[in-house]
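Biologist: I would like to learn how to read pockets, ligand contacts and backbone features in a model. Could you take me through them one at a time?

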Amino acid sequence: MSKSFKTFLKHTAKDFHNQSVNPPVVRASTIIFKSMKHIRNTQAKAKKNPIGGHYDYGRQGTSTTHILQKILTKLEESYHVFTTPTGFGAVFLAIFSVTRPGDEIIVADPVYSPTRLLTEKFLSEFNIKTIFYNPSDLKTLEKNITKKTKLIFVENPGSNSFEFQDLGKIISIAKRKKILTAIDNTWGTPYFLKPIKLGFDMAIVSATKYYSGHSDVMGGSLAVNKKVFSKVYNAERITGLRLGPDDAYLITRGLRTLDVRLDRHRENAKKVAAFLSKNKKFKLLYPYKKDSYNFRMWKKYYSGASGLMGLKIKSKNVNSVRKFVNSLKLFGYGYSWGGFESLALHQEFRETGKRKYLNLTNDEHLVRLHIGLEDPNDLIADIRQALRHLK
Ligand SMILES: Cc1ncc(COP(=O)(O)O)c(C=O)c1O
C-alpha cells in the first residue's frame with residue numbers, strides 16, 4: 001500500500017459546496033430534473049458512461065453511493081466496484097451475473113457457510129451444479145472442470161479453517177480453460193490483497209467488516225474487471241441489489257481510517273499469535289509458521305494479515321473448550337468481525353457447514369477469535385487466564 005493511498009483516504013470526497021469535510025448523505029427516490037430535456041441528456045450520458053454517476057432514479061444510486069464506489073474502485077485497482085446492501089448480496093450478485101441453468105461452478109470447500117448453501121442447495125434448484133474443491137489440493141479443482149464450468153469461486157483464507165490457497169495457480173488454470181473467477185476477499189480486503197490486479201474477474205468484500213469498522217452497518221462490494229462489467233451491471237440493475245445512501249455514508253466514513261485500523265489489527269494479531277503459537281493444546285490457524293504451506297501461500301500474495309484467526313483444539317473434553325471460550329472477559333460473543341472490538345466464537349456444526357474436505361474428528365474443535373484494537377497485552381492476559389480451563 002503506497003503512502004499516497006493512505007493520504008488519499010483522508011483527503012478524498014471533501015465537500016467544498018456544503019463546506020463539510022465529509023460528503024453529505026443524499027437520499028432520493030425521485031431525482032428531480034429541470035426539464036424533460038435534462039432527463040434525456042442525463043440518460044444519454046449514462047448510456048455513454050454507465051459508471052459516471054448519471055442517475056435518473058434513486059435505485060441506481062445518488063452522489064453518496066457514487067463517491068463510495070469511486071473510492072473503492074481506487075482501492076481495488078479495478079474497473080468498477082458495485083456496492084450492495086450486504087456482503088452476501090455481493091456474493092449472490094457475482095454468481096447470478098455469470099451463471100445460467102445448465103452451467104457448473106467449482107467452489108472452494110471452506111467457503112462461508114451461507115455461500116455453500118446458496119451454491120449447493122439453492123442454485124441446484126435452477127439446474128446449476130456445484131462441485132467443491134479441496135483448497136489444499138488444486139488437482140481436485142482441475143479434474144472437475146468440464147465444458148459446462150462457468151465460474152471458479154474462491155474464498156481466501158478458508159472460512160473458520162483458514163487455508164491459504166495458491167491464487168496464482170487458480171488464475172492460470174482458469175485462464176487456460178477460459179473460465180471466470182471470483183474471490184471472497186473479506187479477510188484481507190484490497191488493503192492487503194488486490195485480486196483484480198492478480199487476475200481475478202470479480203472480488204467480493206463484506207463492507208460490514210473492516211470497511212465500516214464499527215460493527216454498526218451492513219454492506220458489500222463487488223469489484224470487477226472490464227470483461228465482466230456489463231454482465232454484472234445488467235444483473236445489478238435487474239435485481240436492484242444496491243446499497244442505500246445512509247449505509248454508504250457510514251462506510252465511506254469508516255474507510256477514512258481503514259489503513260490505520262488494519263495496521264493495528266495486524267500488529268495486535270501478530271502479538272497474540274506469537275503468544276498462542278507456544279501452546280501445544282491447539283494448532284493456531286493464522287499465517288505465522290514460516291515453513292508451512294499456508295504461510296508460504298499467504299506471503300506470496302498478501303502484504304499483511306488481518307485480525308481474524310482460529311484455533312484447532314484437540315480435546316476429548318468439549319466442556320473444557322466451552323469453558324475456555326466462556327471465560328474470556330474482553331472478547332464479546334457474537335457473529336461478524338472486522339469491528340474495533342475483539343470477539344470469540346466456539347464453532348458448532350452450523351458455522352462450518354457439512355464440508356467435504358474438513359475432516360474434523362469428534363475430539364477436534366474450532367474456535368474463532370477476532371483480535372480487535374484493544375491493548376494486545378490485555379488480550380493476551382485475558383486469553384491466558386481463560387486457557388487454564390482447557391483440558
Ligand atoms: C467471508 C465472508 N464473506 C461474506 C460474508 C457476508 O457478509 P454480510 O454479513 O455483510 O452479508 C461474511 C459474513 O460474515 C463473511 O465472513
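Modeller: On a 1 Å grid over the protein atoms alone, a pocket is an open set of points where a 1.4 Å probe fits, with protein on both sides within 12 Å along at least five of seven lines; lining residues have an atom within 4 Å of a point. Grid points are joined across faces, edges and corners, and a volume is the space filled by probe spheres set on the points. Here the second largest pocket holds about 470 Å³. This is a predicted model, where local features need pLDDT of at least 70 and side-chain atom pairs count only at pLDDT 80 or more, while totals for chains, interfaces and linings use all residues. Residues are numbered from 1 along each chain as its sequence is written, and side-chain values use heavy atoms, leaving out hydrogens and water.

Biologist: Which element gives the largest share of the lining of the second largest pocket?

Modeller: Elements are DSSP runs numbered from the N terminus: helices (H or I, at least four residues) and strands (E, at least two). Strand 8 gives the largest share, 4 residues. Of the 24 lining residues, Ser161, Lys283, Leu284, Leu285 and Asn294 lie nearest the centre.

Biologist: What should I look for around the ligand?

Modeller: Start with the shell: a residue is near a molecule if one of its heavy atoms lies within 4 Å of it. There are 13 such residues, and the closest are Phe88, Asp184, Ser206, Thr208 and Lys209. Next come polar contacts, pairs of N or O atoms within 3.5 Å. A polar side-chain atom of Asp184 is 2.6 Å from a ligand nitrogen, and the side chain of Ser206 has an N or O atom 2.8 Å from a ligand oxygen. For Trp337, the corresponding distance to a ligand oxygen is 3.4 Å.

Biologist: Where in the backbone is the cis peptide bond?

Modeller: It joins Asn156 and Pro157, with omega about -5 degrees. Pro157 sits in the loop between strand 4 (149-155) and helix 7 (167-177). Asn127 also deserves a look: its phi is positive, near 60 degrees, and this residue is not glycine.

Biologist: Which element has the lowest mean pLDDT?

Modeller: pLDDT is the predictor's confidence in each residue, from 0 to 100. Helix 15 (residues 349-352) has the lowest mean, 55. Where pLDDT is low, predicted coordinates should not be read in detail. The chain averages 95.

Methods
A polar contact is a pair of N or O atoms within 3.5 Å; within protein, one must be able to donate a hydrogen and the other to accept it, and residues adjacent in sequence count only if both atoms are side-chain atoms.
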